[in-house]
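Reader: Hi! Could you walk me through this model?

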Amino acid sequence: ALVVLVVVGILTLMRLLIRNTHTDECKRDLDHIRQVFKDCFDGDGLLLGYYPVRGVRQETKSKRHGVTRTKEKSILSVRTMLPETRVRSFGGLTHLMAALNSLLLAIAVFLLFLPVPSAGKFEIHSAEILPASVAAILVFMAGFLLQWLYVVRREVIRNDGSTLSIPTHAGGVVYKNEGEETLYLIISTKDNQQNTWVLPKGHIESGEGNDEAALREVEEEAGVVAQLMWPLGEVSFLVMSGEAEIRTRAKFYLMGWLFDMPEERSENRVLQWLPFEQALKQLTFPEAKRMLLLAHAKSPR
């Protein structure tokens, strides 16, 4: 009976893992749909920072237009940095089933370690129960640990595979009109040590949408407050992490300049507002040039 219950428990645990996979896929799809809706139909930014049914959020200090920015505290985040691997918090159904399976195994081991009573003798002394109890406790702990590690490993592998197509960075191609001329914002790398010119972009923080990250990075790197106009697309590039190269994805938006806030700049970068041809020539990387070409084709002139 115990063996049958353990088999049923293990199969139930596997079924719960499959259910978790389907649930996570639904959550990612819903977040993707929400992001597309915000990108295409929320030109006024009314839904910035709006994330219903996405776990507990905690406030963090931030100076963004005087508004306190919130940072998600939920275990499964949909927008992370170099995609962080997130697993469910302890106490879910998978952990409960792992504990029940371990308890059944512990009971089986406890019974196996009890001495077989001789004929006509049905009493068992406490000294004979102690080894069986120790063995049962060790089996319970080992069984639960192994199952918990298996659950975590499954979630890590699943999350790593699902984040390959999720942007890790966000930025913007910012334009402004001066008379009849359209100028585009390009910035240097930090301290401009290698005379490298790029578009403002940066890391998408945990609990942050692509559009929010793009606006924040433009403000932090260039001190420019802009308005989202339209998504331009995504680019893939390599970044160095120690001695290894990691491929990351960045999503860019077309943005319209509103006003400057130099005091909001947190990085030492050189800014340039250049006409299209000059900006295209000045940019260093081909993926940045491609985003500028798309922005020039879509920007109102």
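This is a predicted model: local features need pLDDT of at least 70, side-chain atom pairs count only at pLDDT 80 or more; totals for chains, interfaces and linings use all residues.

Reader: Great. How many helices and strands are in the chain?

Author: The chain has six helices and nine strands. Both are DSSP runs numbered from the N terminus: helices are H or I with at least four residues, strands are E with at least two.

Reader: And how much of it counts as buried?

Author: 40% of the 301 residues. Buried means under 20% relative accessible area, exposed over 50%, and partly exposed in between (1.4 Å probe, protein chains only).

Reader: What about helix α2, how far does it reach?

Author: α2 covers residues 93-113, and its 21 residues reach 30 Å from first C-alpha to last, close to the 30 Å expected at 1.5 Å a residue. That expected span is 1.5 Å times one less than the number of residues. Its buried residues include His 95, Met 97, Asn 101 and Leu 104.

Reader: Now the largest nonpolar core. Which residues touch the most other members?

Author: Val 173, Leu 199, Phe 252 and Leu 292, out of 21 residues in that core. α6 gives the most to this core, with four residues. By nonpolar core I mean a set of buried Ala, Val, Leu, Ile, Met, Phe, Trp, Tyr and Cys residues joined through side-chain atoms within 4.5 Å.

Reader: What does Phe 252 touch?

Author: Leaving out residues up to four places away in sequence, its contacts (heavy atoms within 4.5 Å) include Val 173, Leu 199, Pro 231 and Met 291.

Reader: Pro 231, then. Where is its place, and is it buried or exposed?

Author: Pro 231 is in strand β7, and it counts as buried at 15% relative accessibility. Pro 231 also lies 6.2 Å from Asp 39, C-alpha to C-alpha, though the two are 192 residues apart in sequence. Asp 39 is one of the residues that Pro 231 touches, and Lys 298 is another.

Note on methods: Residues are numbered from 1 along each chain as its sequence is written. Side-chain values use heavy atoms; hydrogens and water are left out.
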